[in-house]
Amino acid sequence: MEQYIAALDQGTSSTRCLIFDRGGRAVACAQREHRQYYPRPGWVEHDPMEILANAQAVMAAALGAARLRPEALAALGIANQRETTVVWDGRSGQPLHPAIVWQDMRVERMVEELGGEARRDRFRARTGLPLSTYFSGLKLRWLLENVAGLRARAEAGEARFGTIDSWLAWNLTGGAAGGRHVTDVTNASRTQLMNLAGCTWDPAMLAELEIPAACLPEIRSSSEVYGEVRGAPLPGVRLAGMLGDQQAALVGQACFAPGEAKNTYGTGCFLLLHTGTRPVASNAGLLTTPAYQFGASPPCYALEGAIAIAGALVQWLRDNLQLIRESGEIEALARAVPDNGGVFIVPAFSGLYSPYWNAGARGLIAGLTRFSHRHHLARAALEATAYQVRDVLEAMQRDSGIALDCLKADGGMVVNELLMQFQSDLLGRRVVRPRMAETTALGAAYAAGLAVGYWRDPEELRAHWEIEREWKPVMAEAERERLYAGWKKAVGRSLDWSEDSRPMAANG
């Protein structure tokens, strides 16, 4: 029987299942969106049960679309939104609070109390991360302090904590009837509770953030058999790969050597540079993070630039301003004008992440005149993503000393050719889009397939990677720098806008 690999790609706005063949080609795909909840300004939540139900539904739908039975699947891999935090009852399997999404800012005061003016980077040496509202550890601490009885249950091991990978893995492998409470090194690192060098839970961090070890999942590699799926829709299929979504995209882009990089244009935007088997400390406002660990091999590391709002800005224009009806309309609207008309949008809805790490930043629209109209807003929204990527790329070059020749691009926004050309123009570099655009799901499939011997080694996977389209810079350097200077001026206006907030990290 010909066999395939399934990948569950659980993202910020939707859940997808893709099924891949040995050539790394997708033979089926199913997708469902889930609801976003905004109970207070700066708060973002998901329903864990809705995410689980959607995961089961899309796995069944993809299997049906491919006309396959579960026995045809050699393994299942999971890629997931990373810092989103879930706590649940280990006996009933019920969530004990809505999931707190990575964009959520409710722990802003904790960041200030722990970091203050002089100690914002106090945990970088151990965790590779600055103090920020972004990471899961403080979200868990907030839950322990605000959900009645949760701390006692967590200390007794009755309540379970996990990022979305752990929530799905536990449920798929049996849930309350023996489900595996596991995570991988890439997801564990984003809690700010993992020691970066040893890839184990750090006792000093647990003590500092007042987190009981009994509620934490076991840290495993990104590519090994964690257990078998129990029950519908994939009974008996081995769960064998788990990666945070951005690391999964790095693997899916076949970035297996130091100096190789990818950028994912999704709800947020994330640029990762492979740095080898030793973590590289950042002095320019980037994150140091595991890239992946395949089985018993040493973990590989990356520098990451994290941008909170990219595609989410287009969604905001659609949902909040009702400027467009569908996200796909943004390109045509932006193409109706030759430039941004002097308009810049800084989408600091959740503060600014890399390289600024400024929790007090707030979104703004600058440069408006009576000449400005919705076409300029649409163009400025697309350009905002490209400007943020340049900020990150310049920081990455300062930290690594590597000047990238080209940028491998993936994610939902890469279909927007206006954005891709502007990105190439703004960077003065080639931007390439792979033939297989679903690199996040593909990376999860690769991790699972390597674990069960479906693929031999990373070099076999590298042979699958092909360019589908590339863009080369055509903008004059003077114009490029004039536009970038306008962006930096707008960013300067947005910083520390909120009087209750201060910078999240010392660098940048």
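What is the volume of the second largest pocket? In this predicted model, that pocket has a volume of about 210 Å³. The structure also holds three cavities of 30 Å³ or more, and a search of the whole structure finds 41 salt bridges.

- The pocket is lined by 16 residues, of which Gly23, Gly24, Met436, His464 and Glu466 are the closest to its centre.
- Helix H14 (residues 439-451) supplies the largest share of this lining, with three residues.
- Seven nonpolar, six polar and three charged residues make up the lining of the second largest pocket.

**The largest cavity**
- The largest cavity contains about 50 Å³ of space.
- Its lining consists of Ala306, Ile307, Ala308, Leu352, Tyr353, Ser354, Pro355, Tyr356, Gln388 and Asp391.
- Strand E18 (300-307) and helix H12 (374-400) are the elements that each give two or more residues to this lining.
- The lining of the largest cavity has seven nonpolar residues, two polar residues and one charged residue.

**The second largest cavity**
- About 40 Å³ of space is found in the second largest cavity.
- Arg379, Leu382, Glu383, Leu418, Leu419 and Phe422 form its lining.
- Two or more of the lining residues come from each of H12 and helix H13 (417-427).
- Four of the residues that line the second largest cavity are nonpolar and two are charged, while none is polar.

**Salt bridges around Arg106**
- Glu45 and Arg106 meet through their side chains in a salt bridge of 2.9 Å, N to O.
- Glu45 lies in strand E4 (residues 45-46) and Arg106 in the loop between strand E7 (99-100) and helix H2 (108-115), so this pair ties together parts that are 61 residues apart in sequence.
- Arg106 also forms a salt bridge with Asp104, with the closest N and O atoms 2.9 Å apart.
- Asp104 is buried, with a relative accessible area of 1%, and Arg106 counts as buried at 10% relative accessibility.
- Glu45 is buried as well.

- Glu108 and Arg362 form a salt bridge in which the closest N and O atoms are 3.9 Å apart.
- This pair links distant parts of the chain, with Glu108 in helix H2 and Arg362 in the loop between strand E19 (344-346) and strand E20 (364-366), 254 residues apart.
- Glu108 is buried, with a relative accessible area of 18%, whereas Arg362 counts as partly exposed at 23% relative accessibility.

Technical notes:
Residues numbered from 1 in each chain as written. Predicted model: local features only at pLDDT ≥ 70, side-chain atom pairs only at ≥ 80, totals over all residues. Heavy atoms only, no water. 1 Å grid on protein atoms, 1.4 Å probe; cavity = no way out; pocket = protein on both sides within 12 Å on 5 of 7 lines; lining within 4 Å. Points joined across faces, edges and corners; volume = space filled by probe spheres on them. Helix = DSSP H or I, 4+ residues; strand = E, 2+ residues; numbered from the N terminus. Nonpolar A, V, L, I, M, F, W, Y, C, P; charged D, E, K, R; others polar. Salt bridge = Lys/Arg side-chain N within 4 Å of Asp/Glu carboxyl O. Buried < 20%, exposed > 50% of the residue type's maximum accessible area, 1.4 Å probe, protein only.
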